[in-house]
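Subject: Structure for you to look through

Dear colleague,

I am passing on the structure we spoke about, and below it I have written out what was found, so that you can follow along with the model open beside the text.

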Amino acid sequence: MENSSTSTVTTANAGVRYGLLAGIASAILSLVLYATNLEQSPVRWVSMLVLAGAIFLAQQFYKQNNSSFMSYGQGLGIGAMVGAISGLVSGVYTFVYTQFINPDFMATALNKARTDMEARGNLSDEQIEQGLQMSSKFMDGPFLYIGAILGTLFFAFLLALVISAFTKHKRPEFE
C-alpha cells in the first residue's frame with residue numbers, strides 16, 4: 001500500500017533555504033572578523049561550524065516534513081545544496097567586499113603574506129617575489145570568487161558525509 005501523503009519539501013528546498021541562511025551568516029561573520037582584525041585568527045573556523053549547523057538543520061527540516069525519513073543519499077544531496085548556495089552567497093559577498101567595501105583587500109593580503117614570508121627567514125627575495133606573483137594570480141579575477149564557491153561546496157560535502165551518517169533514517173522497505 002502506497003503512502004498517499006505528498007510532501008512539498010524536497011531536498012533542494014531544504015538545501016536552498018538553509019544554504020541562504022548559512023551564506024548570510026558566514027558573510028556577517030566575515031565582516032565582523034575583518035572589522036575586528038581577527039580574519040587570520042582561529043575564530044575564522046567558526047564559519048565551518050555555521051556550515052555544519054546549517055546542514056544539520058536542513059536535514060532535520062527535511063525529515064520533519066517527510067515523515068521523519070531521509071536516506072543517506074538525500075542527506076548528501078541536502079548538504080551539497082547547502083554548500084553550493086552558501087558558496088554562491090559567499091562568492092557574491094567576496095566580490096562585493098573586495099570591489100566596493102575594501103578595495104585595498106588584495107594589496108593588504110599580499111603585504112601580509114610578504115611580511116610572513118620574510119619573518120620565516122628561510123626564503124630568498126626572489127622566492128618571495130615568485131610566491132607573491134603566484135598568489136596574486138589566484139587572488140584576482142574570477143579565481144577568488146570561483147574558489148569561494150568550490151571551497152564551500154567541497155567542505156560542505158565533507159561535512160555532509162559525516163552528518164548524514166548520523167541523521168539518516170531510511171523508510172522501511174515493506175511499509
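Predicted model: local features only at pLDDT ≥ 70, side-chain atom pairs only at ≥ 80, totals over all residues.

Which helices supply the lining? At least two residues come from each of α1, α2, α3, α4 (105-120), α5 (125-138) and α6 (142-167), and the largest share, seven residues, is supplied by α6.

The next point is how some of these helices pack against one another. Two packed helices are described by the angle between their axes and the distance between the axes, and I give both values for each pair below.

For helix α1 (residues 11-35) and α3, the packing angle is about 40 degrees and the axes lie 7 Å apart. The crossing of α1 with α3 is right-handed, and the residues in their contact comprise 16 nonpolar, seven polar and no charged ones.

Helix α3 (residues 72-101) also packs with helix α2 (residues 46-64), here at an angle of about 130 degrees and with the axes 9 Å apart. Because angles over 145 degrees count as roughly antiparallel and those from 65 to 115 as roughly perpendicular, this angle makes α2 oblique to α3. The crossing of α2 and α3 is right-handed. On the α2 side, the residues that meet α3 are Leu-51, Ala-54, Ile-55, Ala-58, Gln-59 and Tyr-62, while α3 brings Gln-74, Gly-75, Ile-78, Gly-79, Val-82, Gly-83 and Ser-86. Sorted by class, the residues of this contact are seven nonpolar, six polar and no charged.

The last pair is α4 and α5, whose axes come within 10 Å and cross at roughly 150 degrees, which means that α4 is roughly antiparallel to α5. The crossing of α4 and α5 is right-handed. From α4, the contact takes in Leu-110, Ala-113, Arg-114, Met-117 and Glu-118, and from α5 it takes in Ile-128, Glu-129, Gly-131, Leu-132, Ser-135 and Ser-136. How many charged residues does the contact of α4 with α5 have? There are three, together with five nonpolar and three polar residues.

With best wishes

How values were computed:
Residues numbered from 1 in each chain as written. Heavy atoms only, no water. Axes fitted to C-alpha atoms, helices over the stretch in contact; angles between N-to-C directions. Helix = DSSP H or I, 4+ residues; strand = E, 2+ residues; numbered from the N terminus. Parallel < 35°, antiparallel > 145°, perpendicular 65-115°, else oblique. Left-handed = near helix turned anticlockwise from the far one by under 90°. Contact = heavy atoms within 4.5 Å. Nonpolar A, V, L, I, M, F, W, Y, C, P; charged D, E, K, R; others polar.
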